[in-house]
Amino acid sequence: MLPLAIPSPSVSGFDLGSFPIRFYSILILAGVIAAVWVGGKRFATRTEGGTMDDMVNIAFWAFPLGIVGARLYHVFSSPSRYFGDGGDPLDIIRFWDGGFTGLSIWGGIAGGAVGAYIACRRHNLSMPVLADALAPGLLFAQAIGRFGNYFNQELYGAPTSLPWGLRIDAAHLVIDPATGQRFAEGTLFHPTFLYEALWNVGAAFLIIWLDRRLRLGHGRVFALYVVAYTAGRTWIEMLRVDPSSTFGIFGLDVRLNVITSLVLFLGGLAAFILLGRKHPEREDDARRTIPVESDEIVPA
């Protein structure tokens, strides 16, 4: 009798005629829709005259540049897949193979930020207000997108005997970095996709609550998003066993994404503190405290 475990899906997509549809792609698009909806609702309440259309216009710039950034960071962090033995550099531009696999969240955020900045400039919108409005939606989007890893049976964690261990099909087992041999069939693994999804949803609701209670603004909500996400990503990344670029630090091989998470955590924490000292009030609160000059003509 097999031990209690989370089963992996038997399929990762379906064919619509001769066109393959991957669940990963559907989940990424669903995440984008969730981020736009949550961000648009929040943006409309934080910006005078702001509408959902503003967030949709921003998404038209942020989404494609986010895909480009996500792909470039993935290539940077896993160069052997494209430039090593048997690698093909042309695969860099085939990001759609496997249903949008081979994309990195760090590059996606960076590329999406560039697209959002361009859109804000074109439509005369405030980038800090936009970032604060969008922050919780990004976490919801990332939580949805992580289930794409579940359907692809990828990016799972180390072996575990916990009752919620994830069962992986033989075709998707990776090399054990400790032994150099492929993991044995029947091994159960930490479901890191589920850990991160739950962490992101919890962090999103925490940020929404803190934003309402403390009335954060001027980019502080986004800084809090960076802190919350990277805090979880650090320990979850340390559980993963998939191939990744590593750097030797104090005699330990540390994954690139762990280093990135720690650097961004410290940067987000510093930004949250410094912005709070410079802008203790939210933008709309500050406007309410500015006296309005009257245009009424007072007779002499």
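Figure 1. A cavity is here a set of points on a 1 Å grid over the protein atoms alone where a 1.4 Å probe fits but cannot get out, and lining residues have an atom within 4 Å of a point. Grid points are joined across faces, edges and corners, and the volume is the space filled by probe spheres set on the points. The lining consists of R146, N149, L155, T192, F193, E196, I236 and R240. Helices α5 and α6 are the elements that give two or more residues to this lining, and α6 provides the largest share, 3 residues. By class, the lining has 3 nonpolar, 2 polar and 3 charged residues; Ala, Val, Leu, Ile, Met, Phe, Trp, Tyr, Cys and Pro count as nonpolar, Asp, Glu, Lys and Arg as charged, and the others, Gly among them, as polar. This is a predicted model, in which local features need pLDDT of at least 70 and side-chain atom pairs count only at pLDDT 80 or more, whereas totals for chains, interfaces and linings use all residues. Residues are numbered from 1 along each chain as its sequence is written, and side-chain values use heavy atoms, with hydrogens and water left out.

**Figure 2. The second largest cavity has a volume of about 30 Å³.** The structure holds 2 cavities of 30 Å³ or more. Residues N149, Y150, E154, L155, Y156, L166 and F193 line the second largest cavity. Its lining comprises 5 nonpolar, 1 polar and 1 charged residues.

**Figure 3. R46 forms salt bridges with D132 and with D211.** A salt bridge is a side-chain nitrogen of Lys or Arg within 4 Å of a carboxyl oxygen of Asp or Glu. The N to O distance is 4.0 Å for D132 and R46, and 2.6 Å for D211 and R46. D132 belongs to helix α5 (residues 127–152) and R46 to helix α1 (residues 23–46), 86 residues apart; helices (H or I, at least four residues) and strands (E, at least two) are DSSP runs, numbered from the N terminus. Because D211 lies in helix α6 (residues 192–214) and R46 in helix α1, their pair ties together parts that are 165 residues apart in sequence. D132 has 0% relative accessibility and therefore counts as buried, and R46, at 7%, also counts as buried; buried means under 20% relative accessible area, exposed over 50%, and partly exposed in between (1.4 Å probe, protein chains only). D211 is likewise buried.

Figure 4. E237 is buried at a relative accessible area of 0%, and R233 is buried at 4%. Elsewhere, salt bridges that share partners join R42, R46, D132, D211 and R282 into one network. The count for the structure comes to 10 salt bridges.

**Figure 5. F14, L16, F19 and I26 form a nonpolar surface patch.** Such patches are made of residues with over 30% relative accessible area and no salt bridge, with like charges joined within 9 Å and nonpolar side chains (Val, Leu, Ile, Met, Phe, Trp, Tyr) within 5 Å. Together the four residues have about 410 Å² of accessible area, computed by the Shrake-Rupley method with a 1.4 Å probe; for residues, only the protein chains shown count as cover. L16 lies in strand β1 (residues 13–16) and counts as exposed, because its relative accessibility is 60%.

Notes: 1 Å grid on protein atoms, 1.4 Å probe; cavity = no way out; pocket = protein on both sides within 12 Å on 5 of 7 lines; lining within 4 Å.
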